[in-house]
Amino acid sequence: MPPTPGRPRSAEADRAVLGAALELLVEHGVEGTSIEKVAQRAGVTRATVYRRYPDKTRLLLAALLKGLRTPSDLPECDSVEEMLSMWAQGLGGPDAAGGRRLLRRLMTGLHDHPELHRAYREAGIARRERWIRSTLERARERGEFPPDADLAVVGEILTSAVTTHLLTRPDTCTVREVEDHLLAVLHHTCYRRTP
């Protein structure tokens, strides 16, 4: 969701506001993040934040979309393995710990904030689900899934594997460890790689 229009804004203040919102979300969750705290952390006034985001929901949605890759950032995948490799790159390695903590916060707290949950579902989750479905459909067209495979279930199995990894594995996991986990789950579905 774009910031509200107004007088010209400082790109530095824009980055500071979204960065502060992300940090606070990771540290304190939705409940512990307020426009007042974001302004303090960013070193700007509340008016500066409100000029960009007229309410907490819009601010947090913008922060989430910045902090987590959205489908518009994701290229079309040539294979299911490539899609899982991309997921692993986002979940593993030294730079992924903040994103992993943010995802765990969302999983455990987003449902308590229906307005933010609805907005994030529309702007991020629903698009990601369509992206996953598209990748799985192309794999089925290549014969990698049986014609009658329920791709919605396959998608849920794979995204559940991500959730399990986030909740049960340390944030120090490597990209390879995450990818191995996801590929092991994939190969226990009806998926069969084409030669």
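Figure 1. His181 is in contact (heavy atoms within 4.5 Å) with Ala161, His165 and Arg169, leaving aside its neighbours within four places in sequence. Helices (H or I, at least four residues) and strands (E, at least two) are DSSP runs, numbered from the N terminus. His181 counts as buried because its relative accessibility is 15%; buried means under 20% relative accessible area, exposed over 50%, and partly exposed in between (1.4 Å probe, protein chains only). The model is predicted, so local features need pLDDT of at least 70 and side-chain atom pairs count only at pLDDT 80 or more, while totals for chains, interfaces and linings use all residues. Residues are numbered from 1 along each chain as its sequence is written, and side-chain values use heavy atoms, with hydrogens and water left out.

**Figure 2. Packing of helix 6 and helix 8**. Two packed helices are described by the angle between their axes and the distance between the axes. For helix 6 (residues 97-109) and helix 8, the angle is about 105° and the axes are 10 Å apart. Axes are lines fitted to C-alpha atoms, for helices over the stretch in contact, and angles run from 0 to 180 degrees between N-to-C directions. The two helices are therefore roughly perpendicular to each other (angles under 35 degrees count as roughly parallel, over 145 as roughly antiparallel, 65 to 115 as roughly perpendicular and the rest as oblique). On the helix 6 side, Arg100, Leu103, Arg104 and Met107 meet Thr163, His165, Leu166 and Leu167 of helix 8. The residues of this contact divide into four nonpolar, two polar and two charged. Ala, Val, Leu, Ile, Met, Phe, Trp, Tyr, Cys and Pro count as nonpolar, Asp, Glu, Lys and Arg as charged, and the others, Gly among them, as polar.

**Figure 3. Leu102 in helix 6**. With 2% relative accessibility, Leu102 counts as buried. Leaving aside neighbours within four places in sequence, Leu102 is in contact with Leu22, Leu25, Val26, Leu64 and Leu68. Thr159 is 57 residues from Leu102 in sequence, and their C-alpha atoms are 16 Å apart.

**Figure 4. The largest nonpolar core**. This core has 30 residues, and those with the most contacts inside it are Val38, Leu59 and Tyr120. Helix 1 (11-28), helix 2 (35-42), helix 4 (56-67), helix 6 and helix 7 each supply at least two of its residues. Helix 1 gives the largest share, eight residues. A nonpolar core is a set of buried Ala, Val, Leu, Ile, Met, Phe, Trp, Tyr and Cys residues joined through side-chain atoms within 4.5 Å.

**Figure 5. Glu144 in the loop between helix 7 and helix 8**. Glu144 counts as buried, at 4% relative accessibility. Its side chain makes a polar contact with the side chain of Arg142 (3.2 Å). A polar contact is a pair of N or O atoms within 3.5 Å; within protein, one must be able to donate a hydrogen and the other to accept it, and residues adjacent in sequence count only if both atoms are side-chain atoms. Beyond its neighbours within four places in sequence, Glu144 is in contact with residues including Ala139, Cys190 and Tyr191.

Figure 6. Tyr191 counts as buried, at 0% relative accessibility. The side chains of Tyr191 and Glu81 are joined by a polar contact of 2.7 Å. Not counting residues up to four places away in sequence, Tyr191 touches Val80, Glu81, Glu144, Phe145 and Leu186.
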